[in-house]
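New notebook page, and a structure I have not looked at before. I'll jot down what I look up as I go.

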Amino acid sequence: MTTQTPQTALTAKDVSTPRTGGAPAKTTAVSGGAIGADQPAADRGRTSIADVVVVKVAGIAAREIPGVHDMGGGLSRTIGAVRDRVPGGRPNIGRGVKVEVGERQTAIDLDLVVEYGVAITDVSRDVRENVISAVERITGLEVVEVNITVNDVRLPEEEEPETTAGARVE
C-alpha cells in the first residue's frame with residue numbers, strides 16, 4: 001500500500017519568466033503549492049514575485065520618509081529629470097534601488113539624496129525601518145539587510161526654478 005503525503009511545505013526557487021523583447025524578468029517563487037483537488041484551495045498553485053516588485057515597494061517606502069529629497073546617483077537623477085519632463089513620461093520609482101532576491105530572503109541597497117539640516121542617521125534609520133516593514137508585509141520575503149548610501153545633500157539655495165510653461169500668455 002502506497003500513501004502520498006501532501007506537499008504543504010513552502011518552497012521558493014528562482015525562476016526566469018521570458019518577456020517579449022528583452023532579458024528574462026527574474027522572479028522568486030515565495031510559496032509552493034500542492035496539486036490536486038484534495039488540497040485546500042489556498043495551497044493549490046504557486047506564487048512568484050518578480051524582482052521589480054521588491055524594487056518598487058522599497059522605492060515607494062523610502063520616499064515616504066521626511067528628509068528624503070530624491071533617490072539615485074548623480075547620473076541617474078539627471079537622466080530621471082529629463083525623463084520626467086518628457087510628455088507622457090512617468091517617474092522611475094525604482095531609481096536608486098537595487099535588490100538581490102533569494103529563495104526566501106532579500107537584500108536591498110538604496111542611494112539617497114537627503115535634505116540639508118536633517119540628521120542623516122535618523123533619516124537612514126527611519127528609511128531602513130519603513131522599507132523592511134513594507135517589503136516584508138507586502139511580499140512575505142525576509143529582508144536581511146538594507147544598505148543605504150547618501151550620495152548628496154539638497155541645499156536650500158538649490159531651489160529648482162518653477163516652470164512657466166502654462167503662462168505663455170495672459
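In which sense do strand β5 and strand β6 pair, and over how many bridges? I found that β5 (residues 97-101) and β6 (residues 105-115) pair in the antiparallel sense, over 5 bridges. For my own reference, two strands pair if DSSP finds at least two bridges between them. A hairpin of 3 residues joins β5 to β6. I also noted that E100 stands opposite A107 in β6.

Ground rules, before I go on. This is a predicted model, where local features need pLDDT of at least 70, side-chain atom pairs count only at pLDDT 80 or more, and totals for chains, interfaces and linings use all residues. Residues are numbered from 1 along each chain as its sequence is written, and side-chain values use heavy atoms, with hydrogens and water left out.

**Overview**

I counted out the elements: the protein has 3 helices and 7 strands. Helices (H or I, at least four residues) and strands (E, at least two) are DSSP runs, numbered from the N terminus. Read from the N terminus on, they go β-β-β-α-β-α-β-β-α-β. I see that 31% of the 170 residues count as buried; buried means under 20% relative accessible area, exposed over 50%, and partly exposed in between (1.4 Å probe, protein chains only). Next I looked up contacts, meaning heavy atoms within 4.5 Å. Among contacts with a separation of 6 or more, 59% come from residues 24 or more positions apart.

**Confidence**

I checked pLDDT, the predictor's confidence in each residue, from 0 to 100. The protein averages 77, and 62% of the residues score at least 70. Strand β1 (residues 14-17) has the lowest mean of the elements, 40, while α3 has the highest, 97. Over residues 1-22 the pLDDT is below 50, though this stretch has 40 contacts in the model beyond near neighbours in sequence.

**Helix α1 and R63**

Helix α1 covers residues 51-63, which is 13 residues. From first C-alpha to last I get 19 Å, close to the 18 Å expected at 1.5 Å a residue; the expected span is 1.5 Å times one less than the number of residues. Its buried residues are D51, V54, V55, V57, A58, G59, A61 and A62.

R63 is also in α1, and R63 counts as partly exposed at 27% relative accessibility. What does R63 touch, leaving out residues up to four places away in sequence? My list reads V68, D70, M71, N92, I93 and R95.

**Salt bridges**

I went by this rule: a side-chain nitrogen of Lys or Arg within 4 Å of a carboxyl oxygen of Asp or Glu. That gives a count of 5 salt bridges. One of them is between R95 and D70, whose closest N and O atoms are 3.1 Å apart. R95 lies in the loop between α2 (74-85) and β5 and D70 in strand β4 (residues 68-71), so the pair ties together parts that are 25 residues apart in sequence. Both R95 and D70 are buried.

Then I turned to helix α3 (residues 120-139), where R125 and D122 sit 3 residues apart, about one helical turn. Their side chains meet in a salt bridge at 3.2 Å, N to O. An α-helix has 3.6 residues a turn, so residues three or four places apart point the same way. R125 is partly exposed at 40% relative accessible area, and D122 is partly exposed too, at 35%. R125 also forms a salt bridge with D126, at 3.5 Å, N to O. D126 counts as partly exposed, at 29% relative accessibility. Shared partners join D122, R125 and D126 into one network of salt bridges.

**Last look: R154**

Is R154 buried or exposed? R154 is buried, with a relative accessible area of 13%. I located R154 in strand β7 (residues 142-154). A polar contact of 3.3 Å joins its side chain to that of E115. A polar contact is a pair of N or O atoms within 3.5 Å; within protein, one must be able to donate a hydrogen and the other to accept it, and residues adjacent in sequence count only if both atoms are side-chain atoms.
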